[in-house]
Amino acid sequence: MTPMIDVVFQLLIYFLVTFTTPDVLAHLDISRPAPDASQTEQRTPPKMIRVNIYVDGYSLNGRAVSKEELARILTRLAGFSTSQTVLITCAGGSEHARLIDVLDICAACGLNKLSVVSAQ
Amino acid sequence: MSRFKQPSGHTNMTPMIDVVFQMIIFFVCTVQLEKEAISEFILLPDSPHGPMVAEAKDPRTITIEVDDRGRMFIARTPLSEAKLRKVLAKTVADYGRYGPSIPIRIRADGGAEHAHVKRVLDACTAAGLHKISFVATKDRA
């Protein structure tokens with residue numbers, strides 16, 4: 001039996017060493033405007049929360065904000081109603097991680113009507 | 001018969017060990033196959049507050065990957081934008097009435113430019129797909 005137990009222990013050690021727990025993934029759902037809606041984009045109702053993502057910063061309803069400010073204000077706005085639509089406009093040159101940051105803030109404060117628009 | 005007869009007090013373990021090893025090999029192989037559908041070179045951005053991945057996954061789900069250089073992949077196959085549009089349009093057409101509700105998961109690298117992600121989003125929208133979600137890392141292991 002001894003050689004077999006040796007082999008089994010080797011296997012056990014191999015699996016213990018190579019075992020890595022997989023990362024837990026999150027899903028951030030968004031909605032996109034229909035392809036023909038780009039012309040009517042200007043007539044957005046004022047009830048919307050408009051977040052713009054630039055290469056080097058964020059703006060909320062036209063006012064430049066830092067990431068912390070954005071999180072604070074969005075949390076306060078979500079306190080009134082979480083069914084508000086958030087229109088996120090993302091600049092083409094900005095990193096994808098910045099968009100995910102904003103989607104994460106929205107998820108954290110319960111805003112779930114997210115619409116992502118890309119700016120040129 | 002006497003070949004299988006063990007000395008008193010011992011049971012023959014060999015067949016059981018054979019079966020156990022077969023099972024180990026089977027599980028090792030199947031885990032490997034599952035991993036190969038997604039690329040390990042994509043560094044997903046963090047989203048600690050995002051909702052967890054649903055356990056019951058829609059079998060129609062299409063995972064599109066975008067790496068940090070803007071290349072697009074489905075199941076590790078690199079695709080041009082035109083090809084991606086064609087693939088999505090074909091898939092939607094094949095499913096008929098249920099086509100537009102196919103869930104899309106976008107695994108984009110955190111460092112990818114939004115313009116590259118936008119190409120995927122536009123391709124999805126053009127095909128009529130509207131259930132789009134981004135994949136991010138909730139809890140790094």
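Which residues does A:Asp104 touch, not counting residues up to four places away in sequence?

1. A:Asp104 touches B:Ser47, B:Pro48, B:His49 and B:Gly50 once residues up to four places away in sequence are left out, where contact requires that the C-beta atoms of two residues, placed from the backbone, lie within 7 Å. The residue lies in helix α3 of chain A, helices being DSSP runs of H or I of at least four residues and strands runs of E of at least two, numbered from the N terminus. A:Asp104 counts as buried because 22 other C-beta atoms lie within 10 Å; the class buried needs 20 or more other C-beta atoms within 10 Å of the residue's own, exposed means 12 or fewer, and partly exposed is in between, with C-beta atoms placed from the backbone. Its C-alpha atom is separated by 9.6 Å from that of A:Ala71, which is 33 residues apart from A:Asp104 along the chain.

2. On the basis of the note: this is a predicted model, in which local features need pLDDT of at least 70 and side-chain atom pairs count only at pLDDT 80 or more, while totals for chains, interfaces and linings use all residues. Residues are numbered from 1 along each chain as its sequence is written, and chains are lettered from A and ligands numbered from 1 in the order in which they are written.

3. On confidence, pLDDT being the predictor's confidence in each residue on a scale from 0 to 100, chain B has a mean of 82, with 87% of its residues at 70 or more. For the complex, the predictor gives an ipTM of 0.70 and a pTM of 0.73.

4. Between the chains, 31 residues of chain A are in contact with 33 residues of chain B. On the side of chain A that touches chain B, the elements that give two or more residues are β1 (24-30), β5 and α3 of chain A, and α3(A) provides the largest share, eight residues. That side divides into 17 nonpolar, nine polar and five charged residues, where Ala, Val, Leu, Ile, Met, Phe, Trp, Tyr, Cys and Pro count as nonpolar, Asp, Glu, Lys and Arg as charged, and the others, Gly among them, as polar. Strand β1(A) is also joined by seven bridges to strand β5 (residues 132-139) of chain B, and these two run antiparallel; within this pairing, A:Val24 has B:Asp139 as its bridge partner.

5. The largest nonpolar core has 44 residues, of which A:Leu103, B:Ile106, B:Val120, B:Cys124 and B:Phe134 touch the most other members. Helix α3 (residues 96-108) of chain A gives the most to this core, with eight residues. Such a core is a set of buried Ala, Val, Leu, Ile, Met, Phe, Trp, Tyr and Cys residues joined through C-beta atoms within 7 Å. With neighbours within four places in sequence left aside, B:Ile106 is in contact with B:Ile64, B:Val66, B:Val117, B:Val120, B:Ile132, B:Phe134 and B:Val135.

6. Chain A holds an open sheet of five strands in the order β4-β3-β2-β5-β6, with mixed pairing, two strands being paired if DSSP finds at least two bridges between them. Its edge strands, each pairing on one side only, are β4 (63-65) and β6 (113-119). Strands β5 (residues 85-91) and β6 of chain A run parallel and are joined by seven bridges, with A:Cys90 opposite A:Ser118. Five bridges join β2(A) to β5(A), again parallel, whereas β2(A) and β3(A) pair in the antiparallel sense over four bridges and are joined by a hairpin through two residues.

7. Two backbone positions deserve a look in the model. A:Asn61, in the loop between β3 and β4 of chain A, has a phi near 45°, a positive value in a residue other than glycine, and counts as partly exposed because it has 14 C-beta neighbours inside 10 Å. B:Ala75, in the loop between β2 (72-74) and β3 (77-79) of chain B, likewise has a positive phi, of about 50°, although it is not a glycine; B:Ala75 is exposed, with 12 other C-beta atoms within 10 Å.
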